[in-house]
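Hi,

Here is the structure I promised to pass along. Have a look first, and my notes on what turned up follow below.

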Amino acid sequence: MPVTAWSVSGRRWVSLLVSAACWLATVVCAQAPPAAYLRAPSPQQLAWHRLEYYAFVHFGPNTFTNEEWGESQKPPDVFSPTALDTDQWAKSFADTGMAGMILTAKHHDGMALWDTNTTTYKIGNGKWAQDRIANGLNADVVQMAAASAKKHGIKFGIYLSPWDIHRDPAMPKDDLTGTIYDEPQIFGDATPGDYNDFYSQQLTELVTMQLSDGSPVQVSELWLDGNSGSDTVQTFNWTDFRNIIHQHQPDAIMWGHQGVDARWVGNEDGVTVATNWHTISRTQDQTRYSGEQLQIGVRDGTYWTPAEADARLRSGWFYHPNEKSKTADDLISMYLQSVGRSVNLLLDVPPDTTGQIVKGDADILLEFKAQRDSFLNRNVLTSELAVNASNVRGGNYTLYGPSNVLDGNSDTYWAVDDEETTGWLEVDLGGTYTIDAFIVQEHITLGQRIGGYAIDAIVNGTDRALVKGTSLGYKRIDQLSTPIETSRLRLRITQANATPLIQSFQVLGSRKSST
């Protein structure tokens with residue numbers, strides 16, 4: 001329940017604001033802007049947070065062998081899409097509101113989808129690619145997908161599996177023995193080769209790739225999967241990998257089990273738990289966190305390493321016939337438990353054996369977008385509404401006033417004085433509204449501070465607590481189980497480890513009647 005009485009009427013509050021403004025004209029603001037709290041996102045990480053939702057594209061030999069990991073180790077001729085159309089992928093994703101796509105340039109099977117100089121085990125040595133090249137067509141799927149992403153205005157990312165079955169001596173390759181694909185088994189600390197050097201070469205090729213017009217491929221995220229189905233021990237040189245990425249793609253995010261720039265959410269269901277911290281205290285070189293630990297993160301951790309939730313539209317990561325896809329309702333639920341809990345959602349949408357996104361899957365994504373837009377595009381708060389607050393930093397209403405949470409500007413926020421770690425703001429809706437959800441954003445540009453919040457309303461003349469939460473972070477969406485009618489709302493910060501900063505407050509609903 002609210003801990004303070006509701007404020008005076010909106011008209012009286014406007015008068016108070018005018019008085020405060022007159023007083024401010026005669027004094028100098030005593031408090032400097034808030035300092036960053038402990039860890040804060042880099043500009044690249046902040047831009048990544050704002051992507052929110054994008055596609056995973058699992059495509060490769062597994063698409064044609066009906067596998068997930070490619071343990072059959074078939075020759076490159078197995079890769080044979082009948083109507084490959086990367087433009088169709090990118091357009092489908094752009095049309096359905098996805099901010100980008102991440103393609104499996106090399107999955108665990110080890111077969112490269114680009115024209116690499118590091119291995120013979122690449123689609124370029126298969127009949128499909130050779131026929132295309134003979135006809136003057138491009139056969140570099142990574143380059144094609146990057147060009148399509150650029151054409152349709154979405155981000156492009158690359159998945160490059162560190163585990164490589166093709167180079168792992170513990171994994172049989174009977175179909176490749178005695179062929180040009182029978183290559184040195186260099187995966188593993190005990191092997192004579194240097195797998196880290198091999199992987200670094202592949203990574204360098206990808207992050208320095210150019211489009212056919214000579215322009216550089218811009219990579220938004222490098223996905224370095226930590227999964228392995230082998231007992232072979234291979235120590236990876238994560239530091240070198242990160243240096244290669246940051247040297248050639250300084251704006252790219254390196255994803256790994258626990259970083260460096262973004263982490264796994266701890267499951268493959270596209271969801272996280274109610275409490276989620278953007279920081280952890282270990283790197284890729286240290287002992288692995290459990291899935292449960294990765295979901296929550298570490299409050300006030302050593303590194304800003306936010307979570308990304310990966311999930312599948314279909315049963316498998318790669319396309320398999322006779323699979324059942326998730327429904328738009330399933331995806332809405334997933335979205336609210338990922339993006340709605342400050343975690344980016346990476347949804348796998350695999351092309352089929354033609355090399356195109358299945359029409360039924362594209363239709364589901366469109367339905368999901370329609371439902372998502374219908375739900376989210378109902379903010380009843382406008383910048384003209386009267387907003388009250390328990391405290392305004394240094395009395396500076398222009399820089400730190402509560403109305404900043406309604407202006408739609410990611411650079412402005414409501415802030416209180418340094419000695420304050422709790423506070424509240426109230427909004428007079430100017431009429432009665434039916435309300436069913438709230439969106440609150442912390443100003444994470446200066447770190448994650450808030451560990452407790454609540455939302456209250458006047459319902460039937462009585463104070464009523466509607467929402468009680470823990471961590472806020474980049475974005476929190478809280479949906480009520482039953483809509484309520486109200487004309488006044490209060491957002492309370494009940495706990496923070498430093499002066500709280502609120503960037504945005506949205507209320508979803510519709511007008512009931514005027515007062």
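Strands E14 and E15 make a hairpin with 2 residues between them. This is a predicted model, by the way, so read everything here as computed from its atoms. The two strands, E14 at residues 450-459 and E15 at residues 462-469, run antiparallel and are joined by 7 bridges. In the turn sits asparagine 460, with a positive phi of about 55°, a value to flag in a residue other than glycine. How buried or exposed is asparagine 460? Its relative accessible area is 79%, so it counts as exposed.

You'll find asparagine 322 in the loop between strand E9 (307-312) and helix H10 (328-336), and it is exposed, with a relative accessible area of 82%.

While you're checking backbone geometry, look at the peptide bond from glycine 259 to valine 260: it is cis, with omega near 25°. Valine 260 belongs to the loop between strand E5 (253-256) and E6.

Now the overall picture. The protein has 12 helices and 17 strands. Its radius of gyration is 26 Å, close to the 24 Å the globule rule gives for 515 residues, so it is as compact as a globular protein of that length. The C-alpha trace spans about 85 × 45 × 40 Å along the principal axes. Of the 515 residues, 57% count as buried. Among contacts with a separation of 6 or more, 78% come from residues 24 or more positions apart. The accessible surface is about 20,500 Å², and carbon and sulfur atoms hold 49% of that.

On to the charged pairs. Side chains of opposite charge can pair when their charged atoms come close. How many salt bridges are there? The count comes to 19. A few to look at:

- Aspartate 175 and lysine 74 form a salt bridge, with the closest N and O atoms 2.7 Å apart. Aspartate 175 is in the loop between strand E3 (155-160) and helix H7 (195-207), and lysine 74 is in the loop between helix H3 (62-65) and H4, so the pair ties together parts that are 101 residues apart in sequence. Aspartate 175 is partly exposed at 37% relative accessible area, and lysine 74 is partly exposed at 32%.
- Lysine 127 and aspartate 131 form a salt bridge, also with 2.7 Å between the closest N and O atoms. Both are in helix H5 (residues 127-134), and because they are 4 residues apart, about one helical turn separates them. Lysine 127 counts as exposed at 52% relative accessibility, while aspartate 131 is partly exposed at 36%.
- Glutamate 426 and arginine 490 meet in a salt bridge at 2.5 Å, N to O. This pair links distant parts of the chain, with glutamate 426 in strand E13 (residues 423-442) and arginine 490 in strand E16 (residues 476-496), 64 residues apart. Both glutamate 426 and arginine 490 are buried.

At the start of H4, a side-chain oxygen of aspartate 85 comes to within 3.1 Å of the backbone nitrogen of aspartate 87. Just after H4, glycine 97 has a positive phi of about 80°.

Last one: glycine 270, in the loop between strand E6 (262-264) and strand E7 (279-280). Glycine 270 is buried, since its relative accessible area is 0%. Leaving aside residues up to four places away in sequence, glycine 270 touches Ala309, Asp310, Ala311, Met334, Gln337, Ser338 and Leu345. From glycine 270 to lysine 475 is 16 Å, C-alpha to C-alpha, with 205 residues separating them in sequence.

Cheers

Methods:
Residues numbered from 1 in each chain as written. Predicted model: local features only at pLDDT ≥ 70, side-chain atom pairs only at ≥ 80, totals over all residues. Heavy atoms only, no water. Buried < 20%, exposed > 50% of the residue type's maximum accessible area, 1.4 Å probe, protein only. Contact = heavy atoms within 4.5 Å. Pairing = 2+ DSSP bridges. Polar contact = N/O pair within 3.5 Å; in protein donor to acceptor, adjacent residues only side chain to side chain. Rg over C-alpha atoms; globule rule 2.2 N^0.38 Å. Areas by Shrake-Rupley, 256 points an atom, 1.4 Å probe, with all protein chains shown as cover. Salt bridge = Lys/Arg side-chain N within 4 Å of Asp/Glu carboxyl O.
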